[in-house]
Amino acid sequence: QALVPMVNEVLEGFNCTIFAYGQTGTGKTYTMEGGGRKAKNGELAVDAGVIPRAIKQIFETLESQNVEYSVKVTFLELYNEEITDLLATEDISKVTDDRQRKHLLLMDDGKGGVLIRGLEEEIVTNSIQVFNLLDRGAAKRRTAETLLNKQSSRSHSIFSITVHIKE
């Protein structure tokens, strides 16, 4: 329920950030992505995370308003000061040498913001497409075992959703 007002503000044209932070093993990735997003009858799984819940609300609201819209998503990983595109078509798991990876650059956009040159934006038309991209990107994240967690993220990730509504 805490998410509903923030998603409504996004759909009114405001920028919004939902940020999870904490010690290793405290459930940041689980909170954001959830344990599973697949459920029957188009409903979210009970353990769906913040991102799937926001996506479902965004598409349900846009479809009920009967407006012309477009939605784009990006998913990146920041690991050891390197930015990796988790939605890139290259198979990161087969890249053994960091020099072979597609290096992305953080740039000033000239308007007081930043952009990441070379980051792929995926145009999506429904929540199922977004869930599939979230799964695809999450599978490419760097993980390792810690004392607290068998498969702990070793990086930071940013999943961005951009909504344009034609007025």
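Buried here means under 20% relative accessible area, and exposed means over 50%, with partly exposed in between (1.4 Å probe, protein chains only). By that rule Ile 83 is buried, because its relative accessible area is 13%. Ile 83 lies in strand 2 (residues 82-85).

The model is predicted: local features need pLDDT of at least 70, side-chain atom pairs count only at pLDDT 80 or more, and totals for chains, interfaces and linings use all residues. Residues are numbered from 1 along each chain as its sequence is written, and side-chain values use heavy atoms, with hydrogens and water left out.

Start with the overall layout. The protein has four helices and eight strands. These are DSSP runs, numbered from the N terminus (helices: H or I, at least four residues; strands: E, at least two). From the N terminus the order is α-α-α-β-β-β-β-β-α-β-β-β. Of the 167 residues, 32% are buried. The accessible surface is about 11,200 Å², and carbon and sulfur atoms hold 50% of it. Such areas come from the Shrake-Rupley method with a 1.4 Å probe; for residues, only the protein chains shown count as cover. A contact means heavy atoms within 4.5 Å. Among contacts with a separation of 6 or more, 56% join residues 24 or more positions apart.

Now the interior. In soluble globular proteins, nonpolar side chains tend to be buried together. A nonpolar core is a set of buried Ala, Val, Leu, Ile, Met, Phe, Trp, Tyr and Cys residues joined through side-chain atoms within 4.5 Å. The largest such core has 24 residues, of which Ile 55, Val 73, Val 124, Val 130 and Phe 159 touch the most other members. Helix 1 (3-11), helix 3, strand 1, helix 4 and strand 8 each give this core at least two residues. Helix 3 makes the largest contribution, six residues. Leaving out residues up to four places away in sequence, Ile 55 touches Ser 127, Val 130, Phe 131, Phe 159 and Ile 161. Another core, of five residues, lies apart from the largest one; Ile 83, Leu 104, Ile 116 and Leu 119 are among its members. Ile 83 and Leu 104 are 21 residues apart in sequence, yet their C-alpha atoms are 5.7 Å apart in space.

Helix 3 comes next. Its 16 residues should span 22 Å at 1.5 Å a residue, and its end C-alpha atoms are 23 Å apart, which agrees. The expected span is 1.5 Å times one less than the number of residues. Its buried residues include Ile 51, Ile 55, Phe 59 and Leu 62. Their cover includes helix 1, helix 2, strand 1, strand 5, helix 4 and strand 8. Thr 61 is also in helix 3. Thr 61 counts as buried because its relative accessibility is 18%. A polar atom of the Thr 61 side chain lies 2.8 Å from the backbone oxygen of Gln 57. Just after helix 3, Asn 66 takes a positive phi of about 50 degrees.

Finally, helix 4. In this helix Ser 127, Val 130, Phe 131, Leu 133, Leu 134 and Gly 137 are buried. They cover an arc of only 165 degrees around the axis, so they sit on the same side of helix 4. The arc is taken from the directions from the helix axis to the C-beta atoms. On the other side, Ile 128 and Ala 139 are exposed. At the N-terminal end, Asn 126 caps helix 4, with a side-chain oxygen 3.1 Å from the backbone nitrogen of Ile 128.

Definitions and conventions
Polar contact = N/O pair within 3.5 Å; in protein donor to acceptor, adjacent residues only side chain to side chain.
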